[in-house]
Amino acid sequence: MRTTTRRRGAALAAALSLVAALGGCASGGPGAPATTGSCTNEIVHPDATRVTLWAWYPAVETIVDRFNQSHDDVQVCWTNAGQGADEYGKFSTAIEAGTGAPDVIQLESEILPTFTILDSLVDLSEYGAADMADQFTEGAWTDVSDGDAVYAVPVDGGPVGMLYRADIFEEHGVEPPTTWDEFAEAAQQLRDAGYDGYITNYATNGGAFNYALFAQAGWEPFTYDSAKPDQIGIDVDTPEARKVLAYWKDLVDRGLVSTDDAFTSDYNTSLVDGTYAVYIAAAWGPGYLSGLSDADSGARWAAAPLPQWDPENPVAVNQGGSTLAVTSQARDKEAAATVAMELFGDMGTWKVGVEDAGLFPQWEPMLGSDWFRDREDPFFGGQRTNADVFLDAAAGYEGFTFSPFQVYAYDRQTQALYDMVEGDGDAADALATIQDSLVRYAEQQGFTVRSGAGSTP
């Protein structure tokens, strides 16, 4: 993908904004990129082509070792450059400097447009990646491709379901909900029956979480084509989003859901001590729960599909998920593409990813296996959570278009939603604020913006 000078200027401005936004989150800051010259893992074949990799997957060293043992022509040299924001800040610094990036990098799918706009990721279709499309779920492939271009290889995903305290619902004589109307009714029934917690928590700082909730109702906030990197459609303030946000604002106002920030120590405690009866979570949620301390000794958890707005037309959504991309600074792009396409390319490796890292694969051979479908989860009393919930959710997800300034978009959403739940504003006010701020920001970065309904640039 080539860009004009004007497009490059807009892209660079957006990248610098990303560095500023992520730098505050990164330990050590983005000014200290991880080295690509040393490996944390063993190199089995020293004379083979060496490919550097930044990745934070749990158990990645075991996965890299498996690759190196099975490939005598290419070897992976792995470094953990930090997770998420830490790594992205360092990668942005390397892009700006023109050096220091790894050959292959782990990126969340939602952040891909932020880096493709800079031409910092290689189109892997040139190396045969397009032929892999049928190996992955439809939504995962949509998230990494744009037209004929393929900018990353999917690895894990986050199909969303409902994790709930079966003991709390049973104790208070309330049926687990299957629709959002039933969810609101169950919230009131639990309270009326003497439950002194909340049916769930609505985290205003849950960027991807809120995007998933909006998307389930049909929300499509961005229209973006990497072939036209200086143009974007922004349609955040829609009837679908207003319906979802007004629903949650009503539950907040009635005191039936809390509004704690997600992923704090207090929030983690509330997840497992009975303060919340429901945890709306991606497929990685069970692993997250099982790793928390201070859990109720008598807690009994169960998993169910995400409640629906229209049960006759169920909609699946996704929260999170990682990919492997080849950077434009890769010294041997063909060898790097081999790593991106084959690192998670066999059942043995994926068993490590599932059992030791808690990953939910987007790779169809594993998803279709009896071993994965029939796995019993001891945290859920032996329930087959994949078969009951997450496999259908993964198959139903169709993909989502994120913006090339997604970090900023999440930040503006968090502020507007916080102001809404803490003040007197309503859903319409919050969404109008987000819409206006994103349009202004995009225009300041040099984008041509079409906003409002049908916002195709």
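Colleague: Why are H8 and H17 called roughly perpendicular to each other?

Modeller: The axes of helix H8 (residues 207–216) and helix H17 (residues 406–422) cross at roughly 80 degrees and come within 9 Å. Angles of 65 to 115 degrees count as roughly perpendicular, those under 35 as roughly parallel, those over 145 as roughly antiparallel, and the rest as oblique. H8 and H17 are therefore roughly perpendicular. Axes here are lines fitted to C-alpha atoms, for helices over the stretch in contact, and angles run from 0 to 180 degrees between N-to-C directions. The helices (H or I, at least four residues) and strands (E, at least two) are DSSP runs, numbered from the N terminus.

Colleague: On what kind of model do these values rest?

Modeller: This is a predicted model, in which local features need pLDDT of at least 70 and side-chain atom pairs count only at pLDDT 80 or more, while totals for chains, interfaces and linings use all residues. Residues are numbered from 1 along each chain as its sequence is written, and side-chain values use heavy atoms, with hydrogens and water left out.

Colleague: Which residues make the contact of H8 with H17, and how do they divide by class?

Modeller: H8 contributes Gly207, Ala208, Asn210, Tyr211 and Phe214, and H17 contributes Gln406, Ala409, Tyr410, Gln413 and Leu417; contact means heavy atoms within 4.5 Å. They divide into 6 nonpolar, 4 polar and no charged residues. In this scheme Ala, Val, Leu, Ile, Met, Phe, Trp, Tyr, Cys and Pro count as nonpolar, Asp, Glu, Lys and Arg as charged, and the others, Gly among them, as polar.

Colleague: What makes H2 roughly parallel or antiparallel to H13?

Modeller: The axes of helix H2 (residues 60–70) and helix H13 (residues 347–357) cross at roughly 170 degrees and come within 9 Å. That angle makes H2 roughly antiparallel to H13. Thr62, Ile63 and Arg66 of H2 meet Gly348, Thr349, Val352 and Gly353 of H13. By class, the contact of H2 with H13 holds 2 nonpolar, 4 polar and 1 charged residues.

Colleague: How do you know whether Ala336 counts as buried or exposed?

Modeller: Buried means under 20% relative accessible area, exposed over 50%, and partly exposed in between (1.4 Å probe, protein chains only). Ala336 has 0% relative accessibility and so counts as buried. Ala336 is found in helix H12 (residues 333–342). Leaving aside neighbours within four places in sequence, Ala336 is in contact with Val51, Asp103, Val104, Val326 and Ala330.

Colleague: What makes H12 mostly covered?

Modeller: Of the 10 residues of H12, 7 are buried, among them Ala335, Thr338 and Met341.

Colleague: What is the largest nonpolar core, and which element gives the largest share of it?

Modeller: A nonpolar core is a set of buried Ala, Val, Leu, Ile, Met, Phe, Trp, Tyr and Cys residues joined through side-chain atoms within 4.5 Å. The largest has 78 residues, and those with the most contacts inside it are Leu53, Val104, Leu107, Leu163, Leu324 and Phe344. H12 supplies the largest share of this core, 6 residues. Apart from it lies another core, of 67 residues, including Ala241, Val317, Phe400 and Val439.

Colleague: What joins Asp370, Arg373, Asp374 and Arg384 into one network?

Modeller: A salt bridge is a side-chain nitrogen of Lys or Arg within 4 Å of a carboxyl oxygen of Asp or Glu. For Asp370 and Arg373, the closest N and O atoms are 2.8 Å apart, and both residues lie in helix H15 (residues 370–373). Arg384 and Asp374 also meet in a salt bridge, at 2.4 Å from N to O. Salt bridges that share partners join Asp370, Arg373, Asp374 and Arg384 into one network.

Colleague: Why is Arg384 classed as it is by relative accessibility?

Modeller: Arg384 counts as partly exposed because its relative accessibility is 34%. Asp374, at 30%, also counts as partly exposed, Asp370 is partly exposed at 48%, and Arg373 is partly exposed at 31%. By contrast, Asp167 and Arg165 are buried, and these two form a salt bridge with their closest N and O atoms 2.8 Å apart.
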